[in-house]
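Please look at the sequence and the model shown here, and then follow the paragraphs below, which move from charged pairs to the overall fold, an aromatic contact and the surface.

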Amino acid sequence: MSSDSERTTVRTYIPAYQKKQWQAHAEELDMSQSEFVRTMVQAGRSGFESAASETPESDAAESDSEEPRSPDATPGGDGLKDRVREILADGDYYEWDDLLAELTDDIEERLEDTLQELQSNNEVQYSGRHGGYVRDE
């Protein structure tokens, strides 16, 4: 695995009620808590930066500079609201599931790619007999 795709732990502290809400929402979406948080953070970030600035080099440069902490949970705007407005701008009606699909359109493909990579690295295996994936210890 290259250093660009190496995973690392991120820890955050949230109120207990919020964790319960996130757990319930993740279950509704058939996601792990980690995947749910990653997906929501990426969806929220989409309105904050241009594609050109999303490089490992720019991320490293940003982490070197000390920035004041924002008191707002959504500094610079609300990326999810912006994305919803963008989707609904065509004037069509979207059911909840369709809107959710628009917002998370690449999650299934990303999950499949990730599982294939983990399986090829012998980190995860699929068992038809047990009906699911498990870490290969």
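A salt bridge is counted when a side-chain nitrogen of Lys or Arg lies within 4 Å of a carboxyl oxygen of Asp or Glu. This is a predicted model, in which local features need pLDDT of at least 70 and side-chain atom pairs count only at pLDDT 80 or more, whereas totals for chains, interfaces and linings use all residues. Residues are numbered from 1 along each chain as its sequence is written, and side-chain values use heavy atoms, with hydrogens and water left out.

Side chains of opposite charge can pair when their charged atoms come close. A search of the whole structure finds three salt bridges. In one of them, the side chains of Glu35 and Arg38 meet at 2.5 Å, N to O, and both residues lie in helix H2, three residues apart, or about one turn of the helix. Glu35 counts as buried because its relative accessibility is 14%, where buried means under 20% relative accessible area, exposed over 50% and partly exposed in between, with a 1.4 Å probe and protein chains only.

Helix H4 (residues 79-88) holds Asp82 and Arg85, which are about one helical turn apart because they are separated by three residues; their side chains meet in a salt bridge of 3.2 Å, N to O. Here Asp82 is partly exposed at 37%, while Arg85 is exposed at 54%. Glu86 and Arg83 are also three residues apart in helix H4, and their closest N and O atoms are 2.9 Å apart in a salt bridge. Glu86 is exposed at 53%, whereas Arg83 is partly exposed at 24%.

These helices belong to a protein with six helices and two strands, which are DSSP runs numbered from the N terminus (helices H or I, at least four residues; strands E, at least two). Along the sequence the pattern reads α-α-α-α-α-α-β-β, and 12% of the 137 residues count as buried.

What aromatic contacts are there? The structure holds two aromatic pairs, a pair being rings of Phe, Tyr or Trp (its six-membered ring) with centres within 6.5 Å, stacked if the planes are under 30 degrees apart, edge-to-face if over 60 and tilted otherwise. The rings of Trp22 and Phe36 have centres 6.5 Å apart and planes at 55 degrees, so this pair is tilted. The pair links distant parts of the chain, with Trp22 in helix H1 (residues 16-28) and Phe36 in helix H2 (residues 33-45), 14 residues apart. Trp22 is partly exposed at 28%, whereas Phe36 is buried at 5%.
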